[in-house]
Amino acid sequence: MSKFNKHNLLELLMIMLGCAIYGISLDMISAPNNLTDGGISGISLLLRHFWGINMGLSSLLLNIPLIILGYRYMGKRLLAYTIWGTLWLSFFLWFWRLVPIISQLNLEHDLFLSSIMAGTLSGIGLGLVFRYNGTSGGTDIIARILQMNYGISSGKVLLICDALVLFASLSYLDIKHIMYTLVASFILSRVMDAVQQGTTSARGLLIISNKYQEIAKMIDLKLDRGFTYLEAQGGYSKHKRPVIYLVVSPRELPAIKDLIAAEDPKAFVSVIKVHEAVGEGFTYKQKQRHFLIRK
């Protein structure tokens with residue numbers, strides 16, 4: 001089997017796993033404790049409450065027009081992954097209802113704990129689906145399209161869609177359950193973004209200093225980190241001067257600040273949050289960390 005096919009297989013398996021986690025969150029926590037959900041899942045809960053329609057069936061039928069919409073904006077591969085995720089989510093929404101553990105876990109006495117668990121599990125499940133280039137159907141398709149075309153965070157899009165469905169859910173739920181569902185939706189958006197973006201977080205630094213050579217030398221000697229010179233020009237002075245750019249792990253940030261202050265207390269430093277860093281020193285060939293000893 002080729003490397004490409006192995007990678008595709010991994011993506012399909014992780015999308016299936018994400019749908020399983022998301023489905024068990026809805027069946028095991030949200031539905032038994034009268035917590036609704038956003039998007040298609042929330043509408044499925046509405047249909048289940050008023051007409052007793054199976055959530056797996058309604059989820060599948062409601063996803064058909066959204067899949068047609070996705071066909072226009074998404075490539076064949078992403079569309080195939082979306083259909084794969086939609087089918088597995090519909091399956092697990094039906095399957096988990098047959099497992100005895102569903103009826104054993106009753107957290108109605110603690111809605112706060114229920115909302116935390118629902119948001120966390122749903123966030124992990126959807127985060128895995130998005131991380132491996134799929135969707136579970138529903139408003140995930142809209143979130144994926146907006147993310148691809150406009151760079152909007154998928155977690156934020158889902159949070160907005162959830163709020164609209166939650167408003168409609170007031171027709172059968174009281175305000176207390178709606179508020180706890182909002183807590184779950186907020187946690188979902190945060191956890192999903194964290195899972196999707198990865199755990200290899202980092203900090204990017206832009207360093208402007210007349211002593212850039214001395215600072216760069218110390219970065220190489222003390223931190224064993226690579227750096228890049230960016231050509232820049234002062235807006236007021238019009239003087240050309242290199243700017244140091246480097247990426248470090250969060251735990252290295254205090255050390256790099258001390259290093260810069262020791263060489264040039266007047267240096268200008270801009271710290272940028274980097275959601276994910278891929279490459280040497282982060283995802284492979286990680287260098288040995290050194291403690292910075294200030295002289």
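Which residues line the second largest cavity? The lining consists of S30, L35, T36, D37, A118, G119, S122, T181, A184, S185 and L188.

## Basis

This is a predicted model, in which local features need pLDDT of at least 70 and side-chain atom pairs pLDDT 80 or more, while totals for chains, interfaces and linings use all residues. Residues are numbered from 1 along each chain as its sequence is written, and side-chain values use heavy atoms, without hydrogens and water.

## Second largest cavity

The whole structure holds 2 cavities of 30 Å³ or more (a cavity is a set of points on a 1 Å grid over the protein atoms alone where a 1.4 Å probe fits but cannot get out; lining residues have an atom within 4 Å of a point).

Helices α6 and α9 (175-197) each supply at least two lining residues (helices are DSSP runs of H or I, at least four residues, numbered from the N terminus). With 4 residues, α9 gives the most. The lining divides into 4 nonpolar, 6 polar and 1 charged residues (nonpolar: Ala, Val, Leu, Ile, Met, Phe, Trp, Tyr, Cys and Pro; charged: Asp, Glu, Lys and Arg; polar: the others, Gly among them).

## Helix α6

Helix α6 covers residues 111-131; at 1.5 Å a residue its 21 residues should span 30 Å, and the end C-alpha atoms, 29 Å apart, agree with this (the expected span is 1.5 Å times one less than the number of residues). N133, which follows α6, has a positive phi near 65°.

Key
On a 1 Å grid over the protein atoms alone, a cavity is a set of points where a 1.4 Å probe fits but cannot get out, and a pocket is an open set with protein on both sides within 12 Å along at least five of seven lines; lining residues have an atom within 4 Å of a point. Grid points are joined across faces, edges and corners, and a volume is the space filled by probe spheres set on the points.
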